[in-house]
Each structure stands twice: as C-alpha cells, then as structure tokens.
Amino acid sequence: MEECAPGGCLMELCIQLSIIMLGKQLIQNNLFEIGIPKMKKFIRYLKLKRHNPVDYEEHMKKKQRYEVDYNLEPFAGLTPEYMEMIIQFGFVTLFVASFPLAPLFALLNNIIEIRLDAKKFVTELRRPVAVRAKDIGIWYNILRGVGKLAVIINAFVISFTSDFIPRLVYLYMYSESGTMHGFLNHTLSYFNVSDFQGGTAPKDDMELGYPVQICRYKDYREPPWSENKYDIAKDFWAVLAARLAFVIVFQNLVMFMSDFVDWIIPDIPKDISQQIHKEKVLMVEVFMKEEQGKLQLLENWRDKDQRRGENCNSHSPRSSMSHRGSVSSCHSCHVEV
C-alpha cells in the first residue's frame with residue numbers, strides 16, 4: 001500500500017476533494033445539466049423539421065401550448081436530482097475536516113443549480129404530474145444516516161491522518177519542558193544500515209560525502225541496540241489508544257450536541273403544534289356532536305315506532321271488517337315509519 005506524502009494524507013485528500021467540488025460538481029455537472037437537454041431538444045427539432053419541411057415554423061406557431069410541450073423531453077422523475085444532492089452532501093460532510101472550503105463551493109454550486117433546474121423544468125422538460133407527498137420519503141433517512149456516518153469518519157480523519165493526537169500525547173506524556181521542542185525527534189526511529197537485507201542497501205554509500213551508519217525514519221519502533229530491535233514500541237500503542245479515545249469522545253460529544261439542539265429546536269414550532277392540537281380537539285368535538293345527534297334521532301324514531309305499535313294493539317276488533325281495518329291501519333303505521 002502506498003503511503004501518504006511527507007505533507008500528510010490530509011493534503012492529498014484536500015486536493016482530491018477540491019478537484020471533485022470544483023471540477024465535477026461546479027463545472028461538469030452544471031454543463032451537463034443544461035447542455036444535454038438542449039442537445040436532445042435540438043435533435044428532436046431536426047427530426048420534426050425533416051418530417052415537415054414545409055412551413056414548419058408556421059405550423060409550430062399554430063399549435064396549442066400542450067402540443068408544443070408534448071415535443072419536449074419526458075420528465076424522468078426526481079431521483080436523479082435527489083441523488084446529485086445526496087452525493088454532494090456526502091462529500092461535504094464526510095470529509096469536511098480535510099477540505100473546509102467544501103461547504104462554500106457546495107453553496108455556490110447550489111445557487112447556480114437552482115436557476116439551471118428552473119430553466120430546465122420550464123423550457124426543456126414536460127410539465128411533471130403533481131403528486132401529494134408528506135415528506136421527502138426514504139431520502140430523509142439516507143441523509144440522517146450519512147450525517148451520523150460523517151461524525152465517525154471525520155473523527156478518524158482527524159485522529160489518524162494528522163499529527164494532532166501525537167502532538168498532544170508528546171506534550172502531556174513525554175515532553176520534559178512542557179513544549180513541543182523535540183517532537184520531531186520523538187517521532188523518528190533508528191535504523192542501522194548494516195541490517196539491510198541483501199540487495200536492498202543503497203548502491204552508493206558515499207552519496208552524502210561520508211559513510212552513514214544510522215538512518216532515521218518516521219515510525220514508533222525499537223532502536224537497533226534494543227533486545228527486540230525494530231519491534232513496535234510502547235509509544236505506538238500509547239498514541240493508538242489516544243487516537244481511539246479521541247474518536248469515541250468526539251463521536252459521543254457531537255451526537256449529544258446534535259440531540260440537544262434537536263430537542264431545543266423542534267421540527268414544528270410550539271405555537272403551530274398547539275394550533276394543530278386545537279384543530280384536532282375541535283374536529284373530535286364536532287364529530288361527537290354529530291354522532292350524538294344521529295343517536296338522538298334514532299332514539300326518537302324508535303319511540304315513535306313503539307307508540308304507534310301500542311296504539312294499533314289497543315284497538316279491539318268488533319267485526320271482521322273492523323279487524324281487517326285495524327290490521328291494515330297497523331300495517332299502514334309501520335309502512336309510514
């Protein structure tokens with residue numbers, strides 16, 4: 001595996017992110033955003049003009065607006081737009097520790113992107129069909145997951161790709177004067193040139209003008225005069241433990257601050273939530289009143305039926321005609337109900 005440059009891994013990562021944010025996001029994507037739809041529109045224009053070469057312009061002027069819009073590029077959905085924003089959000093949040101200017105370039109890109117998307121949706125694409133949606137759906141969970149992952153990755157970037165933690169370890173554990181004097185010498189290990197394997201030693205021993213016996217290299221290893229020469233030194237494990245401890249503390253601190261801010265600033269303001277609660281209470285009261293009115297009406301109808309039935313049963317049949325009349329009257333009473 002190729003190691004980082006002497007300047008550190010942060011510099012290489014910073015250069016890569018600057019190329020991505022400036023070259024790809026700000027220039028390439030925006031050119032493709034407006035260039036590809038215009039090219040497709042021009043190709044469709046040539047095809048339509050080839051089929052109707054005579055008075056094509058006059059023919060297009062006589063068309064209705066919906067007929068002209070039908071010749072535009074079909075609307076492919078919002079998935080590509082969401083994907084572009086998710087990728088940009090990932091680059092900005094996951095590696096912001098190595099390239100702090102990434103949010104600024106993302107802001108500039110989004111300002112330009114808003115106008116380009118507006119022009120594209122109005123002049124280059126068919127009008128999309130409006131669909132009611134409660135929120136952005138699964139994309140919110142993706143953004144939330146990327147945000148939590150960004151905390152962990154930035155903690156590892158700060159602790160493992162920079163000298164921030166080794167400097168603190170040296171300052172509080174190994175420095176005799178309480179300063180950073182001697183830090184560079186502390187990070188370099190010793191190597192005896194006589195321990196080179198066959199064929200790996202430099203060909204010119206006098207390249208510096210004098211014979212070299214001891215070399216220095218950046219690592220935490222035991223010196224050649226130690227019993228366990230070139231083994232990993234205790235300083236390495238101390239720095240590694242400090243780096244892992246920093247990752248744990250940084251992650252929990254940021255998560256706690258995020259939850260605390262989320263608790264202080266709710267998604268829905270308090271006055272709006274109270275208004276929504278009042279509306280729900282009023283709706284329940286109206287619904288209960290309607291149900292009580294329906295129940296009261298049913299009880300009134302039931303009482304009327306019982307009274308009419310009692311009135312019909314109270315008549316005594318003196319003759320067959322009167323009996324038939326009473327039965328028919330009772331029947332008519334039930335029919336009226």
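Thr-187 sits in helix α8, which covers residues 183-187. The model is predicted. Is Thr-187 buried or exposed? Its relative accessibility is 3%. Buried means under 20%, so Thr-187 counts as buried.

What does Thr-187 touch? Start with its side chain. That side chain reaches the backbone oxygen of Leu-184 at 2.8 Å. Setting aside neighbours within four places in sequence, Thr-187 is in contact with Tyr-217, Lys-218, Asp-219 and Tyr-220.

Now turn to helix α9. Helix α9 runs over residues 234-264 and has 31 residues. From first C-alpha to last, α9 reaches 45 Å. That is close to the 45 Å expected at 1.5 Å a residue.

Which residues of α9 are buried? They are Ala-238, Val-239, Arg-243 and Val-247. These buried residues pack against two helices, α6 (138-160) and α7 (164-174).

Take the pairing of α6 with α9. Their axes lie 9 Å apart, and the helices pack at an angle of about 150 degrees. Angles over 145 degrees count as roughly antiparallel, and α6 and α9 are therefore roughly antiparallel to each other. The crossing of α6 past α9 is right-handed.

Which residues make this contact? On the α6 side they are Lys-148, Val-151, Ile-152, Ala-155, Phe-156, Ile-158, Ser-159 and Phe-160. On the α9 side they are Leu-240, Arg-243, Leu-244, Phe-246, Val-247, Phe-250, Gln-251, Val-254 and Met-255. Arg-243 and Val-247 belong to this contact and are also among the buried residues of α9.

Notes
Residues are numbered from 1 along each chain as its sequence is written. This is a predicted model: local features need pLDDT of at least 70, side-chain atom pairs count only at pLDDT 80 or more; totals for chains, interfaces and linings use all residues. Side-chain values use heavy atoms; hydrogens and water are left out. Helices (H or I, at least four residues) and strands (E, at least two) are DSSP runs, numbered from the N terminus. Buried means under 20% relative accessible area, exposed over 50%, partly exposed in between (1.4 Å probe, protein chains only). A polar contact is a pair of N or O atoms within 3.5 Å; within protein, one must be able to donate a hydrogen and the other to accept it, and residues adjacent in sequence count only if both atoms are side-chain atoms. Contact means heavy atoms within 4.5 Å. The expected span of a helix is 1.5 Å times one less than its number of residues. Axes are lines fitted to C-alpha atoms, for helices over the stretch in contact, and angles run from 0 to 180 degrees between N-to-C directions. Angles under 35 degrees count as roughly parallel, over 145 as roughly antiparallel, 65 to 115 as roughly perpendicular and the rest as oblique. A crossing is left-handed if the near helix is turned anticlockwise from the far one by less than a right angle, and right-handed if clockwise.
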